[in-house]
Each structure stands twice: as structure tokens, then as C-alpha cells.
Amino acid sequence: MARRSIPVLRKLLSASQSEGAAFPNQTQRRSVTYMPRPGDGAPRTVTLIPGDGIGPLVTGAVEQVMDAMHAPIYFEKFDDVHGDMKKVPEHVIESIKRNKVCLKGGLATPMGGGISSLNLQLRKELDLFASLVNCFNLPGLPTRHDNVDIVVIRENTEGEYAGLEHEVVPGVVESLKVITKFCSERIAKYAFEYAYLNNRRTVTAVHKANIMKLADGLFLESCREIATKYPGIKYNEMIVDNTCMQLVSKPEQFDVMVTPNLYGNLVANTAAGIAGGTGVMPGGILLTFPKMLFLF
């Protein structure tokens, strides 16, 4: 069997080399995944949190698809986790840490009342620092714009969403925006590394440094420092309000976008709306090496 395979392999190699000679300028695209595979074909256990609202419908559809595909996945399901709880149960946190992958429906956060968001609790507890949303045109789904393929990478642990608020005196509330060099460099490095590994050409840093000169200034400074380590990737910067206008008028100009927490939430939803809606755009939040946790 091995001897018969050798001539076939040589023929394929020869054909590949001749194609390369015929098309020397053709770029070879690599398909890269951040998910380590088991390798032995063993079934993978995934934590499943259906959540609130349409969450159970969406996650239920995923269960049906996985079942129809006979995918080697088993769900460890927690139907009792809802947005009005005071905290995420410890056994659910342990399940996510153990399984490394979690599929989560939306968890509702009541408006006001001082109730902390369970979504925010999960991000802090697991240090899920990077949110990634890929917005692109889908076949059969007509939209206003063509050639849309945007990846929004958002810092997910600090900024205005850090949850640092307090009432100074009755009628006066102070909300703190925290930006650190460590987190800014970490998300910038992830964005450039993602662009490099996925053959993306441009990274755009979204900011409001013309007004928030210290906080967003530090974010930009960190992005610039990381950009110097990736000379093959074009780097530019854009103020967030101009970014929103450019997104709805000429979205095809964007490739990879890296943003602080609040801006990323707005930009990702705008980009998703342009490409067909948040319900059809894939996304997730993650912690990379060495722990490798993924929440979809």
C-alpha cells in the first residue's frame, strides 16, 4: 500500500509545483484555528448555558445541528442559569474551566437596580479578554453592501464596562473608565497576531483620543508599539464616530478592527447589521494561552 502511494504523492507534488510556477503571484491562503483539537477522535464535552430570551431557541438549534451531524460533542447543560441571578453558580464556572469551551445564549441584565451583569461576571471570572466577531456577506442573504468581511476584535475586561460606578452624593453618579497598558497591549497583540495568521492586510485601531487624551491615548500608544512588530500589516487609526459613519457608507474598506470595550460593542453590532444581522454573524470571547478558554 505504501509503495503504491509514493508515485501518487510524487505526481501531486509535481502538479503543485507546476501550478506555483504558472501563477507565481497567487497568494496561498491558510486556514487557521485557535482551537486545539483532541487528535484522538475522542468526544468533546462542551458546557451549554441556554440563557434567557431567544437564547434557548438559538442553542437548541445548535444542539439539533450537532445531533444531525453526529458530531463527537456532548453538552453539559445548565438550564437554571438566568440573568436575574446575583452570581454565576460556582459549579457552572468549574464546568467551563474543565471543558474549555462553552456555548452560551444571551443572559438578560435588568436595567438599573444595581444588579450586576452575569455576562460581565463571566468575563471577569474567566479573564475572557478578547471578543471576536466576524461580519461578512452570506450567500443568499442580500444586503446593501457587497465585499464585506470585517473582523472586530474588542478588549473585553476594562473600559466603561468595568462596572466601576458609585453615587457620590444623591443625584450625582460617577462611572469610571479604566484603561491599562497591559490590557491594551494584550488585545493589540491578539489583533495583529490574528491578522498575521489569517492573511489579513490591515488593522484599524478605533478610538476617541481627541477627547479622552489619556485613556484612549494610552490605548493608541500600545497599539502603535505592537504594530511596529508586524511590518507586513498595514496599521491605521480612526476616531469612533467617523468609524461608524464609514461603516454604514463604505464597509468594504475595513479588514481587522481593534477597539476598547465600549466602542467595540457599538462597532461590532453596526458591522453585523450591515452584513445581515447579529443573529447570523459568528462571534465569541476567549482567553488564549496558556489556559485556552472559549465562550461562544
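Which residues of H5 are buried? In H5, the buried ones are Cys183, Ser184, Arg186, Ile187, Ala188, Tyr190, Ala191, Phe192, Tyr194 and Ala195. Here, buried means under 20% relative accessible area, exposed means over 50%, and partly exposed is in between (1.4 Å probe, protein chains only).

## What you're looking at

This is a predicted model, where local features need pLDDT of at least 70, side-chain atom pairs count only at pLDDT 80 or more, and totals for chains, interfaces and linings use all residues. Residues are numbered from 1 along each chain as its sequence is written, and side-chain values use heavy atoms, with hydrogens and water left out.

A quick word on labels: helices (H or I, at least four residues) and strands (E, at least two) are DSSP runs, numbered from the N terminus.

## Helix H5 and what follows

Back to H5, which covers residues 181-197. This helix has 17 residues and reaches 24 Å from its first C-alpha to its last, close to the 24 Å expected at 1.5 Å a residue. The expected span is 1.5 Å times one less than the number of residues in the helix.

Just after H5 comes Asn199, with a positive phi of about 55°. Asn199 sits in the loop between H5 and strand S8 (202-207). At 24% relative accessibility, Asn199 counts as partly exposed.

Asp127 also has a positive phi of about 55°, although it is not a glycine. You'll find Asp127 in the loop between helix H4 (118-126) and S4, and its 30% relative accessibility makes it partly exposed.

## Strand S4, tucked inside

Strand S4 (residues 130-136) has six of its seven residues buried, so it is largely enclosed by the rest of the structure. Leu132 and Ala191 are 59 residues apart in sequence and 9.3 Å apart in space, going from C-alpha to C-alpha. Ala191 is one of the buried residues of H5.

How do S4 and S5 pair, parallel or antiparallel? S4 and strand S5 (residues 149-155) pair in the antiparallel sense, over seven bridges. Two strands count as paired if DSSP finds at least two bridges between them. Within this pairing, Asn134 stands opposite Val151 in S5. As background, the side chains in a regular strand alternate between the two faces of the sheet.

## Helix H6 and its buried face

Now try helix H6 (residues 215-227), which has 13 residues. From first C-alpha to last, H6 reaches 19 Å, close to the 18 Å expected at 1.5 Å a residue. Its buried residues are Asp216, Phe219, Leu220, Ser222, Cys223, Ile226 and Ala227. Seen down the axis of H6, these buried residues fall within an arc of 160°, so they line one face of the helix. The arc is that of the directions from the helix axis to the C-beta atoms.

## Salt bridges

A salt bridge here is a side-chain nitrogen of Lys or Arg within 4 Å of a carboxyl oxygen of Asp or Glu. By this rule the count comes to 12 salt bridges. One of them joins Asp216 and Lys177, whose closest N and O atoms are 2.6 Å apart. This pair links distant parts of the chain: Asp216 is in helix H6, while Lys177 is in the loop between strand S7 (172-175) and H5, 39 residues apart. Asp216 is buried, with a relative accessible area of 0%, whereas Lys177 is partly exposed at 22% relative accessibility.

Next, look at Lys181. Its side chain meets that of Glu185 in a salt bridge (3.3 Å, N to O), and both residues lie in helix H5, four residues apart, about one turn of the helix. The side chains of Lys181 and Glu225 also meet in a salt bridge (3.2 Å, N to O). Glu225 lies in helix H6 and Lys181 in helix H5, so this pair ties together parts that are 44 residues apart in sequence. Lys181, Glu185, Glu221 and Glu225 are linked in a network of salt bridges.

## Ile54, out in the open

Finally, find Ile54 in the loop between strand S1 (44-49) and helix H2 (55-69). At 60% relative accessibility, Ile54 counts as exposed. Ile54 and Leu107 are 53 residues apart in sequence and 9.8 Å apart in space, C-alpha to C-alpha.
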